[in-house]
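Here is a short briefing on one protein model. Please look at the sequence and the structure first, then read the points below.

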Amino acid sequence: MKDLAASKTSVIMQSSETLLELRRTMVRIRAFEEELVHVLERGEIALPVHLCIGQEAVPAGVCAALESSDIIWGAHRSHGHYIAKGADPKAMMAEIFGRVEGCSGGRGGSMHLLAREQGVLGTVPIVAATVSLAVGSALAAKLRKQRAVTVAFFGDGAVEEGQVHESLNLAALFRLPIVFICENNFLATHMHLSERRVHDNLYQAGEFHGVPGIREDGNDVLAVYEAATQAIERARNGNGPTFIEFRTYRWRGHVGKSFDLDVGLNRKDDLEEWMAKDPLKRTRLQLLESGTPEVVLLAIEKAAREEAAEAVCFARTSRMPDPQRVIQHVFVEANPRSILCEN
Ligand SMILES: Cc1ncc(C[n+]2csc(CCOP(=O)(O)OP(=O)(O)O)c2C)c(N)n1
(Lines give C-alpha, C1' and ligand atoms only; values in the text may rest on other atoms or scores of the structure.)
Protein backbone atom coordinates (compact mmCIF):
# COMPACT_ATOMS: atom_id res chain seq x y z
CA MET A 1 0.00 0.00 0.00
CA LYS A 2 2.94 2.29 0.65
CA ASP A 3 3.83 3.50 -2.83
CA LEU A 4 0.30 4.12 -3.95
CA ALA A 5 -0.43 7.55 -2.50
CA ALA A 6 2.25 9.21 -4.62
CA SER A 7 1.36 7.28 -7.74
CA LYS A 8 -2.33 8.15 -7.41
CA THR A 9 -1.45 11.78 -7.99
CA SER A 10 0.26 10.86 -11.25
CA VAL A 11 -2.80 8.90 -12.26
CA ILE A 12 -5.10 11.85 -11.68
CA MET A 13 -2.84 13.81 -14.02
CA GLN A 14 -3.38 11.27 -16.78
CA SER A 15 -5.28 12.30 -19.83
CA SER A 16 -9.02 11.89 -19.85
CA GLU A 17 -8.57 9.59 -22.88
CA THR A 18 -7.30 6.86 -20.54
CA LEU A 19 -10.30 7.33 -18.31
CA LEU A 20 -12.61 7.36 -21.32
CA GLU A 21 -11.18 4.04 -22.54
CA LEU A 22 -11.47 2.49 -19.08
CA ARG A 23 -15.05 3.72 -18.89
CA ARG A 24 -15.82 2.33 -22.36
CA THR A 25 -14.80 -1.15 -21.18
CA MET A 26 -16.87 -0.84 -18.00
CA VAL A 27 -19.90 0.36 -19.97
CA ARG A 28 -19.56 -2.59 -22.37
CA ILE A 29 -19.42 -5.06 -19.46
CA ARG A 30 -22.45 -3.45 -17.78
CA ALA A 31 -24.43 -3.40 -21.03
CA PHE A 32 -23.65 -7.06 -21.71
CA GLU A 33 -24.81 -8.14 -18.27
CA GLU A 34 -27.91 -5.92 -18.27
CA GLU A 35 -28.86 -7.50 -21.58
CA LEU A 36 -28.30 -10.85 -19.92
CA VAL A 37 -30.73 -9.84 -17.17
CA HIS A 38 -33.37 -9.30 -19.89
CA VAL A 39 -32.51 -12.71 -21.33
CA LEU A 40 -33.09 -14.24 -17.88
CA GLU A 41 -36.34 -12.31 -17.42
CA ARG A 42 -37.61 -13.71 -20.70
CA GLY A 43 -36.59 -17.21 -19.60
CA GLU A 44 -34.48 -17.69 -22.71
CA ILE A 45 -31.72 -19.63 -20.98
CA ALA A 46 -31.63 -22.27 -18.28
CA LEU A 47 -27.94 -22.18 -17.41
CA PRO A 48 -26.75 -20.35 -14.26
CA VAL A 49 -25.02 -16.99 -14.68
CA HIS A 50 -23.05 -15.07 -12.05
CA LEU A 51 -23.20 -11.33 -12.71
CA CYS A 52 -20.42 -8.85 -11.92
CA ILE A 53 -22.53 -5.68 -12.14
CA GLY A 54 -20.90 -3.22 -9.71
CA GLN A 55 -17.45 -4.82 -9.99
CA GLU A 56 -16.60 -3.66 -13.55
CA ALA A 57 -13.68 -1.43 -12.53
CA VAL A 58 -11.50 -4.40 -11.60
CA PRO A 59 -11.49 -6.26 -14.94
CA ALA A 60 -11.45 -2.98 -16.88
CA GLY A 61 -8.54 -1.47 -14.93
CA VAL A 62 -6.43 -4.63 -14.73
CA CYS A 63 -6.85 -5.74 -18.35
CA ALA A 64 -6.08 -2.23 -19.63
CA ALA A 65 -2.67 -2.61 -17.99
CA LEU A 66 -2.00 -5.91 -19.81
CA GLU A 67 -0.55 -6.53 -23.25
CA SER A 68 -2.56 -8.57 -25.74
CA SER A 69 -0.19 -11.56 -25.39
CA ASP A 70 -0.59 -11.62 -21.60
CA ILE A 71 -2.76 -14.31 -20.06
CA ILE A 72 -5.72 -14.22 -17.70
CA TRP A 73 -7.61 -16.88 -15.76
CA GLY A 74 -10.93 -16.40 -14.02
CA ALA A 75 -13.59 -18.14 -11.99
CA HIS A 76 -17.40 -18.35 -12.21
CA ARG A 77 -17.97 -14.55 -12.34
CA SER A 78 -15.86 -13.76 -15.37
CA HIS A 79 -17.93 -12.12 -18.12
CA GLY A 80 -16.15 -8.84 -17.31
CA HIS A 81 -12.64 -10.28 -17.56
CA TYR A 82 -13.45 -11.90 -20.91
CA ILE A 83 -14.72 -8.63 -22.40
CA ALA A 84 -11.95 -6.51 -20.89
CA LYS A 85 -9.26 -8.79 -22.37
CA GLY A 86 -10.68 -8.15 -25.82
CA ALA A 87 -12.59 -11.37 -26.47
CA ASP A 88 -15.75 -11.50 -28.58
CA PRO A 89 -19.02 -10.84 -26.68
CA LYS A 90 -21.02 -12.65 -29.40
CA ALA A 91 -19.11 -15.89 -28.79
CA MET A 92 -19.65 -15.47 -25.03
CA MET A 93 -23.39 -14.90 -25.42
CA ALA A 94 -23.63 -17.92 -27.73
CA GLU A 95 -21.78 -19.94 -25.09
CA ILE A 96 -24.25 -18.81 -22.44
CA PHE A 97 -27.06 -19.93 -24.77
CA GLY A 98 -25.28 -23.31 -25.13
CA ARG A 99 -24.75 -22.92 -28.87
CA VAL A 100 -22.10 -24.46 -31.11
CA GLU A 101 -20.72 -21.03 -32.02
CA GLY A 102 -20.07 -20.36 -28.34
CA CYS A 103 -16.50 -19.70 -27.19
CA SER A 104 -16.34 -23.20 -25.65
CA GLY A 105 -18.43 -24.86 -28.32
CA GLY A 106 -21.57 -24.50 -26.21
CA ARG A 107 -20.39 -27.15 -23.77
CA GLY A 108 -19.42 -24.98 -20.84
CA GLY A 109 -21.82 -22.09 -20.47
CA SER A 110 -21.21 -18.86 -18.59
CA MET A 111 -18.65 -20.37 -16.22
CA HIS A 112 -16.32 -21.91 -18.82
CA LEU A 113 -15.13 -19.11 -21.06
CA LEU A 114 -12.20 -19.47 -23.40
CA ALA A 115 -10.55 -17.12 -25.91
CA ARG A 116 -7.04 -18.38 -26.50
CA GLU A 117 -6.10 -15.73 -29.05
CA GLN A 118 -6.94 -12.95 -26.63
CA GLY A 119 -5.16 -14.73 -23.76
CA VAL A 120 -8.29 -15.82 -21.88
CA LEU A 121 -7.00 -19.29 -21.08
CA GLY A 122 -9.93 -20.28 -19.01
CA THR A 123 -12.57 -19.56 -16.42
CA VAL A 124 -13.64 -22.38 -14.13
CA PRO A 125 -16.29 -22.47 -11.38
CA ILE A 126 -14.34 -24.78 -9.06
CA VAL A 127 -13.41 -22.13 -6.50
CA ALA A 128 -9.63 -21.42 -6.63
CA ALA A 129 -9.03 -23.99 -9.39
CA THR A 130 -7.62 -21.54 -11.90
CA VAL A 131 -5.21 -19.96 -9.41
CA SER A 132 -2.86 -22.92 -9.68
CA LEU A 133 -3.43 -23.13 -13.45
CA ALA A 134 -2.33 -19.50 -13.62
CA VAL A 135 0.86 -20.39 -11.77
CA GLY A 136 1.35 -23.07 -14.43
CA SER A 137 1.03 -20.62 -17.32
CA ALA A 138 3.38 -18.18 -15.55
CA LEU A 139 5.91 -20.99 -15.07
CA ALA A 140 5.57 -21.94 -18.74
CA ALA A 141 6.22 -18.33 -19.82
CA LYS A 142 9.28 -18.15 -17.60
CA LEU A 143 10.72 -21.45 -18.85
CA ARG A 144 10.09 -20.41 -22.45
CA LYS A 145 11.59 -16.98 -21.79
CA GLN A 146 8.42 -15.27 -23.04
CA ARG A 147 7.47 -11.78 -21.87
CA ALA A 148 3.87 -12.76 -21.07
CA VAL A 149 2.55 -11.97 -17.60
CA THR A 150 -0.29 -14.04 -16.15
CA VAL A 151 -3.11 -12.63 -14.05
CA ALA A 152 -5.17 -14.86 -11.78
CA PHE A 153 -8.59 -13.36 -10.92
CA PHE A 154 -10.41 -14.89 -7.95
CA GLY A 155 -12.83 -13.94 -5.19
CA ASP A 156 -12.40 -13.48 -1.45
CA GLY A 157 -13.89 -16.94 -0.92
CA ALA A 158 -11.09 -18.53 -2.92
CA VAL A 159 -8.48 -17.35 -0.42
CA GLU A 160 -9.97 -19.90 2.00
CA GLU A 161 -8.80 -22.73 -0.27
CA GLY A 162 -5.40 -24.25 0.54
CA GLN A 163 -4.62 -24.37 -3.16
CA VAL A 164 -4.28 -20.58 -3.26
CA HIS A 165 -1.58 -20.69 -0.58
CA GLU A 166 0.32 -23.46 -2.34
CA SER A 167 0.14 -21.39 -5.52
CA LEU A 168 1.40 -18.25 -3.76
CA ASN A 169 4.34 -20.15 -2.31
CA LEU A 170 5.39 -21.66 -5.62
CA ALA A 171 5.00 -18.35 -7.44
CA ALA A 172 7.19 -16.59 -4.87
CA LEU A 173 9.78 -19.37 -4.79
CA PHE A 174 10.22 -19.35 -8.57
CA ARG A 175 9.74 -15.54 -8.89
CA LEU A 176 7.07 -16.15 -11.49
CA PRO A 177 5.62 -13.42 -13.74
CA ILE A 178 2.17 -13.48 -12.18
CA VAL A 179 -0.22 -11.09 -10.44
CA PHE A 180 -2.84 -12.42 -8.02
CA ILE A 181 -6.00 -10.30 -8.16
CA CYS A 182 -8.43 -10.94 -5.32
CA GLU A 183 -11.80 -9.27 -5.96
CA ASN A 184 -13.06 -8.88 -2.43
CA ASN A 185 -16.81 -8.35 -2.73
CA PHE A 186 -17.19 -9.42 0.92
CA LEU A 187 -19.48 -12.31 0.03
CA ALA A 188 -18.99 -15.97 -0.80
CA THR A 189 -22.41 -17.24 -1.88
CA HIS A 190 -24.44 -16.14 1.18
CA MET A 191 -21.74 -15.66 3.81
CA HIS A 192 -20.15 -12.35 4.66
CA LEU A 193 -16.38 -12.13 5.06
CA SER A 194 -16.82 -11.35 8.77
CA GLU A 195 -18.50 -14.74 9.29
CA ARG A 196 -15.61 -16.51 7.59
CA ARG A 197 -12.51 -14.76 8.87
CA VAL A 198 -11.29 -13.29 12.14
CA HIS A 199 -9.32 -10.57 10.35
CA ASP A 200 -10.27 -8.41 7.39
CA ASN A 201 -6.74 -8.60 5.96
CA LEU A 202 -6.91 -10.49 2.69
CA TYR A 203 -4.21 -8.36 1.07
CA GLN A 204 -1.74 -9.96 3.48
CA ALA A 205 -2.54 -13.48 2.28
CA GLY A 206 0.67 -13.75 0.28
CA GLU A 207 3.04 -12.06 2.69
CA PHE A 208 3.80 -15.22 4.67
CA HIS A 209 4.87 -16.80 1.39
CA GLY A 210 6.96 -13.85 0.27
CA VAL A 211 4.37 -12.24 -2.02
CA PRO A 212 3.88 -8.53 -1.23
CA GLY A 213 0.28 -7.41 -0.75
CA ILE A 214 -1.60 -4.26 -1.74
CA ARG A 215 -5.15 -3.18 -0.91
CA GLU A 216 -6.97 -0.79 -3.21
CA ASP A 217 -10.41 0.64 -3.86
CA GLY A 218 -11.77 -1.71 -6.52
CA ASN A 219 -14.44 0.80 -7.55
CA ASP A 220 -11.90 3.46 -8.50
CA VAL A 221 -10.90 2.37 -11.99
CA LEU A 222 -7.86 4.66 -12.17
CA ALA A 223 -6.55 3.32 -8.86
CA VAL A 224 -7.10 -0.22 -10.16
CA TYR A 225 -5.28 0.58 -13.39
CA GLU A 226 -2.35 2.16 -11.58
CA ALA A 227 -1.94 -0.62 -9.00
CA ALA A 228 -2.20 -3.28 -11.71
CA THR A 229 0.30 -1.46 -13.94
CA GLN A 230 2.90 -1.44 -11.17
CA ALA A 231 2.39 -5.09 -10.27
CA ILE A 232 2.43 -6.21 -13.92
CA GLU A 233 5.62 -4.25 -14.57
CA ARG A 234 7.19 -5.80 -11.51
CA ALA A 235 6.25 -9.29 -12.73
CA ARG A 236 7.45 -8.59 -16.28
CA ASN A 237 10.81 -7.32 -15.01
CA GLY A 238 11.49 -10.59 -13.23
CA ASN A 239 10.78 -9.29 -9.73
CA GLY A 240 8.10 -11.83 -8.95
CA PRO A 241 4.44 -11.90 -7.99
CA THR A 242 2.21 -9.38 -6.22
CA PHE A 243 -1.11 -9.99 -4.47
CA ILE A 244 -3.70 -7.21 -4.86
CA GLU A 245 -6.94 -7.08 -2.91
CA PHE A 246 -9.48 -4.87 -4.66
CA ARG A 247 -12.45 -4.05 -2.45
CA THR A 248 -15.66 -3.92 -4.42
CA TYR A 249 -19.24 -5.21 -4.34
CA ARG A 250 -21.58 -7.18 -6.54
CA TRP A 251 -25.03 -5.64 -6.84
CA ARG A 252 -26.86 -8.77 -7.89
CA GLY A 253 -27.10 -11.94 -5.84
CA HIS A 254 -24.66 -14.82 -5.92
CA VAL A 255 -26.27 -16.32 -9.00
CA GLY A 256 -28.89 -15.06 -11.40
CA LYS A 257 -30.69 -11.74 -11.62
CA SER A 258 -32.05 -11.45 -8.06
CA PHE A 259 -30.53 -9.02 -5.56
CA ASP A 260 -30.39 -11.66 -2.79
CA LEU A 261 -32.41 -9.50 -0.41
CA ASP A 262 -34.58 -12.47 0.58
CA VAL A 263 -32.05 -15.22 1.27
CA GLY A 264 -31.44 -14.57 4.96
CA LEU A 265 -28.51 -12.28 4.23
CA ASN A 266 -28.64 -8.76 5.61
CA ARG A 267 -27.16 -6.81 2.69
CA LYS A 268 -29.61 -4.00 2.03
CA ASP A 269 -27.48 -1.30 3.69
CA ASP A 270 -24.24 -2.54 2.12
CA LEU A 271 -25.90 -2.67 -1.27
CA GLU A 272 -27.13 0.92 -0.99
CA GLU A 273 -23.73 2.09 0.20
CA TRP A 274 -21.90 0.40 -2.68
CA MET A 275 -24.43 1.40 -5.32
CA ALA A 276 -23.64 4.99 -4.40
CA LYS A 277 -20.00 4.14 -5.20
CA ASP A 278 -20.91 2.89 -8.67
CA PRO A 279 -17.70 2.96 -10.75
CA LEU A 280 -19.67 3.92 -13.86
CA LYS A 281 -21.39 6.92 -12.26
CA ARG A 282 -18.09 7.98 -10.76
CA THR A 283 -16.21 8.02 -14.09
CA ARG A 284 -19.12 9.72 -15.85
CA LEU A 285 -18.90 12.61 -13.42
CA GLN A 286 -15.09 12.74 -13.60
CA LEU A 287 -15.18 12.90 -17.39
CA LEU A 288 -17.89 15.55 -17.52
CA GLU A 289 -15.96 17.63 -15.00
CA SER A 290 -12.80 17.33 -17.06
CA GLY A 291 -14.60 18.64 -20.14
CA THR A 292 -15.61 15.52 -22.08
CA PRO A 293 -18.78 16.37 -23.99
CA GLU A 294 -21.82 14.41 -22.83
CA VAL A 295 -22.55 13.40 -26.40
CA VAL A 296 -19.31 11.39 -26.43
CA LEU A 297 -20.40 9.48 -23.33
CA LEU A 298 -23.88 8.87 -24.75
CA ALA A 299 -22.41 7.50 -27.98
CA ILE A 300 -20.29 5.00 -26.03
CA GLU A 301 -23.32 3.91 -24.01
CA LYS A 302 -25.41 3.48 -27.16
CA ALA A 303 -22.69 1.47 -28.92
CA ALA A 304 -22.37 -0.80 -25.89
CA ARG A 305 -26.13 -1.45 -25.79
CA GLU A 306 -26.10 -2.24 -29.50
CA GLU A 307 -23.15 -4.59 -29.11
CA ALA A 308 -24.95 -6.47 -26.34
CA ALA A 309 -28.21 -6.67 -28.30
CA GLU A 310 -26.32 -7.95 -31.35
CA ALA A 311 -24.67 -10.62 -29.18
CA VAL A 312 -28.12 -11.86 -28.15
CA CYS A 313 -29.31 -11.95 -31.80
CA PHE A 314 -26.17 -13.87 -32.73
CA ALA A 315 -26.70 -16.37 -29.90
CA ARG A 316 -30.37 -16.92 -30.76
CA THR A 317 -29.57 -17.69 -34.39
CA SER A 318 -26.55 -19.90 -33.62
CA ARG A 319 -26.78 -23.67 -33.92
CA MET A 320 -27.89 -26.00 -31.14
CA PRO A 321 -25.38 -28.78 -30.44
CA ASP A 322 -25.98 -32.17 -32.00
CA PRO A 323 -27.29 -34.53 -29.27
CA GLN A 324 -25.43 -37.38 -30.98
CA ARG A 325 -22.17 -35.70 -29.98
CA VAL A 326 -22.98 -35.23 -26.31
CA ILE A 327 -20.20 -37.51 -25.05
CA GLN A 328 -17.61 -36.17 -27.44
CA HIS A 329 -14.69 -34.67 -25.42
CA VAL A 330 -15.79 -36.53 -22.29
CA PHE A 331 -13.09 -39.18 -22.62
CA VAL A 332 -9.47 -38.60 -23.63
CA GLU A 333 -9.21 -38.53 -27.38
CA ALA A 334 -6.30 -39.57 -29.58
CA ASN A 335 -5.40 -35.96 -30.21
CA PRO A 336 -6.37 -33.74 -27.26
CA ARG A 337 -5.57 -30.66 -29.38
CA SER A 338 -8.63 -31.45 -31.45
CA ILE A 339 -10.87 -30.46 -28.55
CA LEU A 340 -13.10 -27.53 -29.47
CA CYS A 341 -11.86 -27.56 -33.06
CA GLU A 342 -14.41 -30.01 -34.38
CA ASN A 343 -17.71 -28.29 -33.77
C1 LIG B 1 -14.14 -25.96 -4.47
C2 LIG B 1 -15.51 -25.37 -4.45
N3 LIG B 1 -16.18 -25.27 -3.28
C4 LIG B 1 -17.43 -24.73 -3.25
C5 LIG B 1 -18.02 -24.31 -4.41
C6 LIG B 1 -19.41 -23.66 -4.38
N7 LIG B 1 -19.27 -22.22 -4.61
C8 LIG B 1 -19.48 -21.68 -5.82
S9 LIG B 1 -19.17 -20.04 -5.84
C10 LIG B 1 -18.80 -20.03 -4.21
C11 LIG B 1 -18.42 -18.75 -3.51
C12 LIG B 1 -17.24 -18.11 -4.12
O13 LIG B 1 -17.02 -16.88 -3.51
P14 LIG B 1 -15.88 -15.95 -4.00
O15 LIG B 1 -14.66 -16.75 -4.32
O16 LIG B 1 -15.72 -14.86 -3.02
O17 LIG B 1 -16.41 -15.39 -5.40
P18 LIG B 1 -17.70 -14.49 -5.70
O19 LIG B 1 -18.84 -15.43 -5.91
O20 LIG B 1 -17.90 -13.58 -4.55
O21 LIG B 1 -17.37 -13.77 -6.95
C22 LIG B 1 -18.88 -21.31 -3.67
C23 LIG B 1 -18.60 -21.64 -2.27
C24 LIG B 1 -17.31 -24.45 -5.62
N25 LIG B 1 -17.81 -24.06 -6.78
N26 LIG B 1 -16.05 -24.96 -5.61
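This is a predicted model: local features need pLDDT of at least 70, side-chain atom pairs count only at pLDDT 80 or more; totals for chains, interfaces and linings use all residues.

In strand 8, Thr 242, Ile 244 and Phe 246 point one way, while Phe 243, Glu 245 and Arg 247 point the other way, and all are buried. In general, side chains in a regular strand alternate between the two faces of the sheet.

**Strand 8 and its partners**

- Strand 8 covers residues 242–247, and six of its six residues are buried, so it counts as mostly covered because buried means under 20% relative accessible area.
- Strand 4, made of residues 178–184, pairs with strand 8 in the parallel sense over six bridges.
- The bridge partner of Cys 182 in strand 8 is Glu 245, one of the buried residues named above.
- Strand 7 also pairs with strand 8 in the parallel sense, over five bridges.
- Ile 214 stands opposite Ile 244 of strand 8.
- A right-handed β-α-β unit is made by strand 7, helix 9 (residues 221–236) and strand 8.

- Strand 1, residues 71–74, runs parallel to strand 2 and is joined to it by three bridges.
- Gly 74 has Thr 123 as its bridge partner in strand 2.

**The second largest pocket**

- In general, empty space left between atoms is shown by rolling a probe the size of a water molecule over them.
- The second largest pocket has a volume of about 350 Å³.
- Its lining has 22 residues, and those nearest the centre of the pocket are His 76, Arg 77, Gly 155, Asp 156 and Gly 157.
- Strand 3 (150–155) and strand 5 (187–188) are the elements that give two or more residues to this lining.
- Strand 3 gives the most, with three residues.
- By type, the lining of the second largest pocket divides into eight nonpolar, nine polar and five charged residues.

**A point to check**

- Which residue is the bridge partner of Gly 74 in strand 2? The partner is Thr 123.

How values were computed: Residues are numbered from 1 along each chain as its sequence is written. Side-chain values use heavy atoms; hydrogens and water are left out. Two strands pair if DSSP finds at least two bridges between them. Helices (H or I, at least four residues) and strands (E, at least two) are DSSP runs, numbered from the N terminus. Buried means under 20% relative accessible area, exposed over 50%, partly exposed in between (1.4 Å probe, protein chains only). A crossover is right-handed if, with the strands pointing away from the viewer, the path from the first strand over the helix to the second runs clockwise. On a 1 Å grid over the protein atoms alone, a cavity is a set of points where a 1.4 Å probe fits but cannot get out, and a pocket is an open set with protein on both sides within 12 Å along at least five of seven lines; lining residues have an atom within 4 Å of a point. Grid points are joined across faces, edges and corners, and a volume is the space filled by probe spheres set on the points. Ala, Val, Leu, Ile, Met, Phe, Trp, Tyr, Cys and Pro count as nonpolar, Asp, Glu, Lys and Arg as charged, and the others, Gly among them, as polar.
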